[in-house]
Amino acid sequence: MGEGREPSAFYVIPSEPAITPELIAQHGLKPDEYARLVKLIGRTPSFTELGIFSAMWNEHCSYKSSKIHLRTLPTKAPWVIQGPGENAGVIDIGDGLAVVFKMESHNHPSYIEPYQGAATGVGGILRDVFTMGARPIACLNALSFGDPKNPKTRALVAGVVAGIGGYGNSFGVPTVGGEVRFDRRYNGNILVNAMAVGIAEKDKIFYAKATGVGMPIVYLGSKTGRDGIHGATMASAEFGADAEEKRPTVQVGDPFSEKLLLEACLEIMAKSCVIAIQDMGAAGLTCSAVEMGAKGDLGVTLDLDKVPCRETGMSAYEMMLSESQERMLMVLKPDKEKEAEAIFRKWGLDFAIVGETTPTKRFIVRHGGAVMADLPIKELGDEAPVYDRHFVESRRRPAIDAASVKPPTPIADTLEKLIGSPDLCSKRWVWEQYDHVILGNTVQRPGGDAAVVRVNDGPKALALTSDVTPRYCEADPFEGGKQAVAEAWRNLTAVGARPLALTDNLNFGNPERPEIMGQLVGCIRGIGEASRALDFPIVSGNVSLYNETKFPGENLGRAILPTPTIGGVGLLDDFTKSMTLAFKAEGEAILLVGDTRGWLGQSLYLRNICGREEGAPPPVDLAAERRHGDFVRNLIRDGLVTAVHDIADGGLLVALAEMAIVSSIGAVLEAPSDHPAHGFWFGEDQARYLITAKDADIVAQRARKAGVPLRRLGATGGRVLALGDERPMPVDDLKRRFEAWLPAYMAGSPA
Amino acid sequence: MKSALLVFPGINRERDMARALKLMSGREPTMVWHADRELPAGTDLVVIPGGFSYGDYLRCGAIAARAPIMAAVRAFAQKGGLVLAICNGFQIVCEAGLLPGVLMRNSQLRFICRDVYLRVERSDTPFTRGYNAGQVIRVPVAHGEGNYIADGETIARLEGEGRVLFRYASPDGMIDPNWNHNGAMNAIAGILNERGNVLGMMPHPENHVEASMGCTDGRGLFAGLVDHFKLAA
């Protein structure tokens, strides 16, 4: 440093580019955000520091647009051990065990490079779970693709599904559930939301918070390469026509290394070597080191010369922003270094001490003998900008009276069309590419209301589901948010589980647009309302904004449908008592729980059959949800029902057909006299279940006592669905249609 | 029955297998690390479980086939010891030359996880004595590379010597291309070596051993092995 030069000159590293407005913009920082940065550190940042700030302050890592709204969500309950803010949420399921789970999006990468994007999405969420000391026992994923007619859709489905399978199958975790939807609104921006669930001992949960000064910070796992640099920044901007050019920002997954990392981490944790642990996910080394220090009110010094690299000549900037996969950062107990290193060497993984904790609350990065960054660690995270963005509430839409909708086709034809439609057809083609039986605990495989996975050797089991109805959320964000939570709760209930907690993955467009922000705010309010009413707290989550694409010649991006995916976890005390949706025998009563008004607004009937995307979505009466759900769960517990199915997309008749298809047993049903038939059979009223029972009278008595509406629809039997005067529908024929569409489409048939 | 369960990096069905062995034999298997050079003394049965050893990099099973422990397994097999190799294990023993042929990518080029039906071809082996010849069992498969292929001469020998123990079949035991989910030659799901002491198979009987999990058709294989060792003792 020369005489008389200002101190900041120290930070101008000769080989680093000068800080210009263009460079700042490329890092996704707005001018006022940059001004805030300069004020915070009192000088111009170095190039590496600019990169670090862009990584910490982007939407993906800082939640700057959603934070003030997320704070309104209920996150506590007696069984919640850890709410949002850690790698994953943790809940107590008794017997000294805890469930660790979270859902996270990998949308942008999956659109750019479907196989690796989806694969690393699975890898990232698995790491979030085992970082906390849990062994992953199940994965789910919620996928939203564009219009099947869009020329890109087929390849995206193939790539994403292969990527999820490729990672999860090799890692060795069963993928047991999820959802797949198609809508043209995802044409330029698909959604890949992956959820992982693990089991840990309740008193052996590991956190990111570092404690103690002078503790060694250890780098574990794979080497650092030049992949995924700026992945998080990329995920915090809308797509332009140059989406393809962003392929180098997508990471490459190695499930083999991840499996080794899992075994090594769990082994090291069992030996009590670990003070704090954080996986390197978005913004890699930067985010993990800063979070560990900031949470523990400690400084962190990193020596990048010690970081294991895949290639030579990597700069500090590249190392700090690399999103190379399968890496972890740990703070170790100093006397356990040797023991921990031996475990990692045994598993063939890299192990290097790359830094230490300090009392200074500074984040210092050294490389090649120079200080490349020297920043206040708390402010990097805590002082990230927080926006109370302007929003406008979505326009209210009118309710649609079924009597005013002229049915274009007879009921039987309509059912055949719906059951074979992209959204409602069987997703077997997808989940057969996922190993859903590994670990030997999958009690209910994909295809039911919720997956059921035994915990260790039982008798307890978890019920797992993921749900959202994006077209409802767009038409009425508040009701749509409520509905997503209520449906997850209902699906868990339908297999007999007590819903415990949820993780939310909020996928929206550009929050700088007031109408999109209105969707986000409305959905969060709805989610909060429902989770409070149902005692179903939010313990983890992820926000993915800027899910929109600017097509050439357009000023405004085209946003996705608002898609707040809800991942729900419930508990069964005895896995052998879990309930399924298949009819069990002929001659059993079929009963409908809940009120039917024949709500057609935003229904699949209106969209797929009438070609109308209109109206208000079905309102969600949370008190009724709770009453009806508790009623059904008690029936299951007391052995009074033989099959249960939640009624959702497509309505009552679609649900009935699904029960018939999986069992190859038909049903004889009475046509309604009090409703227009199409409203009755295809309306999407909420808080409803279909159940079958040997003794309908006991169920009816109970319903009267509980104040729950119950209606007898008919009885199981035969090989056809017979509806009054309608054309009888052979179950085998329905099954063929149900199973046909997706394999045919993926084999190249026109959509 | 004293079992040794081999663990290579990337193997992931060792817990499923250990649970099934414990359940059916009453005895925990010993986990044997790939870098070890010896099997535990008194080992009756060596089990090579499923998974993705070494990430399936290079070729499925190719790297594991050359791991230090495999020399001990080869010697064990040469002395007539029983080796049960499932899924990735089957691929490993093929790569190690303990069984002929190779497992190619599934004919539809996708990973497939589903229950399949197997016709048990013989019941007079230690591995299948718990079944009847011609019996059809339901067990899951979970693999991307299970399409068994060998040259014509090898196939003719396997068939001629009765070394095909399991074939993909319809639920009523018919051999039908529609039920041969991975396109294997002669619908081969599992084969024996010449001496009859090494079995390689793609499906996972270890995942169908508990009634509470929906199906117990896999029990016969383990029950047969337990019987075999009881009689030998």
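What share of the contacts in chain B with a separation of 6 or more comes from residues 24 or more positions apart?

Mentor: The share is 75%. Keep in mind that this is a predicted model. Start with the overall build of chain B. The chain holds five helices and 11 strands. Its radius of gyration is 16 Å, close to the 17 Å that the globule rule gives for 233 residues, so chain B is as compact as a globular protein of that length. The C-alpha trace spans about 45 × 40 × 35 Å along its principal axes. Of the 233 residues, 55% count as buried.

Now zoom in on one strand, β9(B). This strand covers residues 164–169 of chain B. Six of its six residues are buried, so "mostly covered" is the label, by the cut-off of 20 or more other C-beta atoms within 10 Å. Strand β9(B) has strand β6 of chain B, residues 112–120, as a partner. The two pair in the antiparallel sense over four bridges. In that pairing B:Leu118 stands opposite B:Tyr168 of β9(B). Strand β10 of chain B, residues 188–192, is also joined to β9(B), through three bridges. These two strands run antiparallel as well. Here B:Val164 faces B:Ile191 of β10(B) as its opposite number. As background, strands of a sheet pair through backbone hydrogen bonds, either parallel or antiparallel.

Next, the packing around one residue of chain B. B:Val93 touches B:Ile48, B:Val83, B:Ala85, B:Leu98, B:Leu99, B:Val198 and B:Gly200, leaving aside residues up to four places away in sequence. B:Val93 also belongs to the largest nonpolar core, which has 318 residues. Along with A:Leu464, A:Val485, A:Ala660 and A:Ile691, B:Val93 is one of the residues that touch the most other members of this core. Helix α22 of chain A, residues 652–663, gives the most to the core, with 10 residues. In general terms, nonpolar side chains tend to be buried together in soluble globular proteins.

That brings in chain A. In all, 23 residues of chain A are in contact with 23 residues of chain B. On the chain A side, α8 (153–171) and α10 (255–270) each supply at least two residues. Helix α10(A) gives the most to that side, with four residues. By class, the side of chain A that touches chain B has 10 nonpolar, nine polar and four charged residues.

Two further features of chain A give context. One is helix α3(A), residues 47–57. The helix is mostly covered, with 11 of its 11 residues buried. Among them are A:Phe47, A:Leu50, A:Ile52, A:Phe53, A:Met56 and A:Trp57. A:Glu49 is buried too.

The other is an open sheet of seven strands in chain A. The strand order is β8-β10-β7-β11-β9-β12-β13, with mixed pairing. Strands β8 (274–279) and β13 (370–376) of chain A stand at the edges, each with a single partner, so one side of each is left without a neighbour in the sheet. The twist averages 20 degrees from one strand to the next. Within this chain, β7 (residues 216–221) and β11 (residues 350–358) pair in the antiparallel sense over six bridges. There A:Pro216 stands opposite A:Glu356 of β11(A).

Key: Residues numbered from 1 in each chain as written. Chains lettered and ligands numbered in written order. Predicted model: local features only at pLDDT ≥ 70, side-chain atom pairs only at ≥ 80, totals over all residues. Contact = placed C-beta atoms within 7 Å. Nonpolar A, V, L, I, M, F, W, Y, C, P; charged D, E, K, R; others polar. Buried ≥ 20, exposed ≤ 12 C-beta atoms within 10 Å, placed from the backbone. Core = buried A, V, L, I, M, F, W, Y, C linked by C-beta atoms within 7 Å. Rg over C-alpha atoms; globule rule 2.2 N^0.38 Å. Pairing = 2+ DSSP bridges. Axes fitted to C-alpha atoms, helices over the stretch in contact; angles between N-to-C directions.
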